[in-house]
Amino acid sequence: MDGELILGRLRERFGPAVLETGSDRGDHTAVLERGVLAEALGFCKADPALAFEMLIDLTAVDYLRFPGREDGPRFEVVYHLYSLRHNHRLRLKVRVEEDDAVVPSAVPLWPIANWLEREVWDMFGIRFEGHPDLRRLLMYEGFEGHPLRKDYPVDRRQPLIGPRN
Amino acid sequence: MAPTTTREIFLGEGSGPGSGGQNLHVNIGPQHPAMHGIIRILAELDGETVVRTDVEIGYLHRAFEKECERGGYNNAIPYTDRLNYVSPLINNFGYAAAVEKLLGITVTERCDYIRVVMSEISRICDHLTCIGASAMELGAITVFLYMIKAREFLWELVEDVTGARLTISYGRVGGVRADLPDGFAEKARKAFKETREVLDEVNRLLTGNRIFMDRMIGVGALSAEESIAYGITGPLLRAAGVGYDVRRAQPYSAYDRVEFEVPTQKSGDNYARYLVRMAEMEQSMRMAEQALADMPGGAVNVDVEGRPVDPASYVDRGKQGKTEGLLLLPIALSPNLEGQNRKALERVITHDKRVALPPKETTYGSIEGLMNHFMLIMEGSGIRPPAGEAYVPVEGANGELGFYVVSDGSDRPYRVRCRPPCLPPMAALHRMLEGGMVADIVPTFGSVNMIGGELDR
């Protein structure tokens with residue numbers, strides 16, 4: 001299915017909750033309101049014309065120091081979807097503020113979201129509502145801060161952790 | 001009995017005497033000879049049956065994504081070598097392709113073909129290592145030695161082209177570092193012949209081997225539906241019967257110009273994965289041979305009149321104002337710059353001055369070339385893609401390897417995300433292990449082909 005048609009279908013279904021759509025360098029992107037995210041992911045997976053069976057990637061970007069976006073919502077959670085049936089791709093994004101960095105979990109739709117969301121929590125400190133077990137994935141328990149945030153102090157040492165009982 | 005919580009598993013809470021639990025908790029890893037990297041599998045055993053497992057990763061985390069944000073676009077290339085360190089060339093090209101997409105440039109045709117050849121050689125190395133190691137863990141150490149012998153032939157090829165065996169840093173944004181050396185096609189054909197002989201031998205040793213089959217068939221199976229739900233790609237998905245291959249579905253480089261098949265199996269167990277990998281190696285060699293035969297540009301030869309000069313006297317002549325005909329003189333480059341003279345570079349790297357370093361002749365012999373070089377190398381200059389983002393998938397040895405790069409218009413990537421192909425199978429590993437025997441943990445884990453560098457980044 002052509003990218004424009006995919007985006008059109010999303011706009012038709014979710015109306016003004018689709019904040020932005022674009023086709024940049026051949027990648028088709030839709031920015032959604034957080035409220036409809038869970039529903040939209042479910043729709044993308046279930047709708048036979050879209051049929052995005054695979055959640056290829058889930059990550060986030062911290063726009064704290066991005067020229068022109070310093071004041072906007074700080075984080076963008078990015079979903080890359082792929083449809084085996086139709087061989088097409090889609091990027092969905094949802095923007096969240098720093099003091100309200102919560103996104104509904106995609107674990108009920110795709111079990112792989114479990115680890116990917118743990119990684120985003122670990123690296124960015126974005127919480128996923130409804131996640132069964134939101135632990136850090138790559139860093140250790142006791143690590144302070146979220147390293148992929150732009151304001152993470154890269155030149156400072158982490159406190160050493162002692163033995164635990 | 002209530003299901004055990006993670007805290008109970010990890011910290012042993014509530015598992016003391018009198019708690020009623022009879023199951024045994026066993027730590028496999030992080031340091032264990034059969035763990036191909038550093039990883040911890042916490043298994044709860046009922047007798048010899050695995051009841052529950054919790055897989056813990058992150059021991060090899062080296063902040064790849066964060067480090068990429070600290071330097072220029074080409075500075076990330078050496079870091080990508082260390083993602084999947086068994087097939088580093090594919091990572092190089094995947095990352096370069098993502099930045100090229102951001103810049104909106106295309107590479108030369110010869111470069112496309114070189115990327116196909118080198119990617120396929122890497123893929124064979126990866127599969128050889130995977131099968132060799134998992135066979136060794138089942139006691140077949142002969143197979144491991146044979147496979148490593150074959151990998152040695154191929155690594156020699158890689159060494160010929162890149163100058164290194166593992167940390168190759170051969171890809172560049174806009175092309176590759178240098179052209180293929182003279183006589184490479186002939187050497188490659190010879191190496192493939194040797195590899196085929198080894199594979200034939202291994203095929204006879206393993207494929208119909210009763211012991212091997214008993215250990216592999218029906219073990220660690222994952223259905224197609226579950227593989228898809230877990231986002232698994234590559235040999236594991238193809239072993240479950242889904243013929244998804246990025247090279248076929250969304251061809252990049254020159255994959256639309258070579259013929260190949262996508263081998264699939266049905267059962268999705270360890271044996272099917274073994275068969276898929278064996279079949280893929282043959283396809284990879286087929287692709288590389290076609291690409292070598294069709295490669296445009298032919299061999300690299302200096303056809304300009306005059307003997308090569310050494311760079312110092314070249315610069316001297318320029319300083320003295322004797323610039324007439326200077327740019328046409330070939331330079332005797334030091335051996336570690338082989339394949340980077342002008343004729344070679346024109347073939348293998350894009351002609352876009354925003355991206356590609358000029359050939360040494362131009363840098364030494366003209367002020368434009370020097371400025372061009374300066375603008376790409378100096379701090380604060382360099383490659384500057386327009387603001388935006390791009391996701392590029394390539395077929396890594398373990399599945400879809402994706403790079404998602406965000407640019408803010410400066411000379412440093414704003415964000416680099418690597419979609420590691422072996423993370424989804426590791427996330428699904430507990431599904432493959434639970435309900436099986438404790439002795440099957442090692443072969444199943446081997447068939448996943450976990451690469452720590454890529455998994456933990």
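Predicted model: local features only at pLDDT ≥ 70, side-chain atom pairs only at ≥ 80, totals over all residues.
Local features need pLDDT of at least 70 and side-chain atom pairs count only at pLDDT 80 or more, while totals for chains, interfaces and linings use all residues. Residues are numbered from 1 along each chain as its sequence is written, and chains are lettered from A, with ligands numbered from 1, in the order in which they are written. Helices (H or I, at least four residues) and strands (E, at least two) are DSSP runs numbered from the N terminus.

**Sheet of chain A**

- Chain A has an open sheet of five strands in the order β1-β2-β5-β4-β3, with mixed pairing; two strands pair if DSSP finds at least two bridges between them.
- Its edge strands, each pairing on one side only, are β1 (18-24) and β3 of chain A.
- From one strand to the next, the twist averages 20°; angles run from 0 to 180 degrees between N-to-C directions, and axes are lines fitted to C-alpha atoms, for helices over the stretch in contact.
- Strands β4 (residues 75-83) and β5 (residues 88-96) of chain A run antiparallel and are joined by nine bridges.
- Opposite A:S83 stands A:H88, in β5(A).

**Helices on the sheet of chain A**

- α2(A) packs on the sheet and touches β2 (27-32), β4 and β5 of chain A, where contact requires C-beta atoms, placed from the backbone, to lie within 7 Å.
- The direction of α2(A) makes about 175° with that of β5(A).
- Helix α2 of chain A spans residues 37-46 and holds A:E39.
- A:E39 is partly exposed because 14 other C-beta atoms lie within 10 Å; 20 or more would count as buried and 12 or fewer as exposed, with partly exposed in between and the C-beta atoms placed from the backbone.
- Between A:E39 and A:A106 the C-alpha to C-alpha distance is 10.0 Å, although they are 67 residues apart in sequence.
- α3(A) lies across β3 and β4 of chain A and runs at about 5° to β3(A).

**Contact between the chains**

- Chain A contributes 27 residues to the contact and chain B contributes 33 residues.
- On the side of chain A that touches chain B, the elements giving two or more residues are β3 (54-62) and α3 (113-124) of chain A.
- β3(A) gives the most to that side, with six residues.
- By class, this side of chain A has 16 nonpolar, four polar and seven charged residues; Ala, Val, Leu, Ile, Met, Phe, Trp, Tyr, Cys and Pro count as nonpolar, Asp, Glu, Lys and Arg as charged, and the others, Gly among them, as polar.

**Sheet of chain B**

- Chain B has an open sheet of three strands, ordered β1-β2-β3, with antiparallel pairing.
- β1 (24-28) and β3 (49-56) of chain B are the edge strands, each pairing on one side only.
- The twist in this sheet averages 20° from one strand to the next.
- Seven bridges join β2 (residues 40-46) of chain B to β3(B).
- B:E44 has B:R52, in β3(B), as its bridge partner.

**Helix pair of chain B**

- Helices α5 (residues 109-137) and α6 (residues 141-162) of chain B pack at an angle of about 160°, with their axes 8 Å apart.
- α5(B) is therefore roughly antiparallel to α6(B), a term for angles over 145 degrees.
- The crossing of α5(B) past α6(B) is left-handed, meaning that the near helix is turned anticlockwise from the far one by less than a right angle.
- Residues making the contact include B:M118, B:I121 and B:L128 of α5(B) and B:F144, B:R151 and B:W155 of α6(B).
- The residues of this contact of α5(B) with α6(B) divide into 20 nonpolar, two polar and one charged.

Note on methods
Contact = placed C-beta atoms within 7 Å. Parallel < 35°, antiparallel > 145°, perpendicular 65-115°, else oblique.
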